[in-house]
Amino acid sequence: MLLTIVQPNYLAGENPAEKNRQYIIEQMKNAPENGIILFPEYSNCGGVSDPEEERKCLPFAKEILDAASRTAKEKRCILSVNVLEEKNGKIKNSTYLFGKKGEQVFVYYKQHLPLSEINLGVEAGNGEGEKCQCICDYEGIRFAFLCCYDVYFNEQIEHIAKYKPDVILIPGMQRGERADILTAQAKMIAFRCNAYTAKSSFSMMNDEKGGCSMIIGPDGKIIKNMGSEVGSFTADIDLSYKYMRPAGFGQGLIRNDDFINNGLCRKAFE
């Protein structure tokens, strides 16, 4: 199956969010057919960091989501896009998955919030006291979701690993993080969960920080790291592939995630 990641430029200057929305929608028009395509975090308000300006962009979530649904149907693809939106009177960081008929398959609400989102009034996860829902199955593919700041937290990565996903989708921005850290995070997640990991972010036009939209194989090998490139990249992946390794020196092969699972000592570290 084709897996595509999109990396826009983190625009500055006049009307960055509007220019970003236009770019995202244009990239949707160019999406490959019958594949999976992932767009970055805040697709309706990328380039904006002022809280008041972010709030002004909330209504444009519908424009992005409508375009995503339309594209998924026209291209018969599986499309994931993240928006900052107002929903039932609350601000949510929402990652949508649309199916091949344009239908809404799943919504993941970002669980771990940085200070900027807390100050903005974003509500974490599914609501107070509710369990995090970050796994869904569609057309025989098990998807898992992390969003930007989520990747720092092993609690969610370990939760995802239990469900043996095929593809992990990570929309993000991480504008100030070092490129080597971003790469290490994605490789570790793919290796631990034995799953293809796709990350879509914004290029900061700087090879030292930000950017690094990438596709990583279940064995932790980098299929493509876009670095500071602007545009998109498509890889043809085999979703049945899992990384197998010796269960120990001279022993038979085992799935890498099970090799780790079998050695967990949860009670010793509770």
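Let's start with two strands: E4, which spans residues 90-98, is joined to E5 by five bridges, and the two run antiparallel. Within this pair, you can find Ser94 standing opposite Tyr109 of E5. Keep in mind as you look around that this is a predicted model.

Now step back to take in the sheet that holds this pair. It is an open sheet of six strands, and reading across it gives the order E5-E4-E3-E2-E1-E12, with mixed pairing. Strand E5 (104-109) and strand E12 (231-236) are the edge strands; each has a single partner strand, so one side of each is left without a neighbour in the sheet. In general, strands of a sheet pair through backbone hydrogen bonds, and they can do so either parallel or antiparallel.

Next, bring in the helices. Helix H1, residues 16-29, lies across strand E1 (2-7), strand E3 (78-87) and E12. Relative to E1, H1 runs at about 160 degrees.

H1 also has a helix to pack with: H3, residues 61-75. Their axes are 9 Å apart and meet at an angle of about 10 degrees. Since angles under 35 degrees count as roughly parallel, this makes H1 roughly parallel to H3. Which residues of H1 and H3 meet here? From H1 come Arg21, Ile24, Ile25, Met28 and Lys29, and from H3 come Glu63, Ile64, Ala67, Ala68, Thr71 and Lys75.

Conventions:
Residues are numbered from 1 along each chain as its sequence is written. This is a predicted model: local features need pLDDT of at least 70, side-chain atom pairs count only at pLDDT 80 or more; totals for chains, interfaces and linings use all residues. Side-chain values use heavy atoms; hydrogens and water are left out. Two strands pair if DSSP finds at least two bridges between them. Helices (H or I, at least four residues) and strands (E, at least two) are DSSP runs, numbered from the N terminus. Contact means heavy atoms within 4.5 Å. Axes are lines fitted to C-alpha atoms, for helices over the stretch in contact, and angles run from 0 to 180 degrees between N-to-C directions. Angles under 35 degrees count as roughly parallel, over 145 as roughly antiparallel, 65 to 115 as roughly perpendicular and the rest as oblique.
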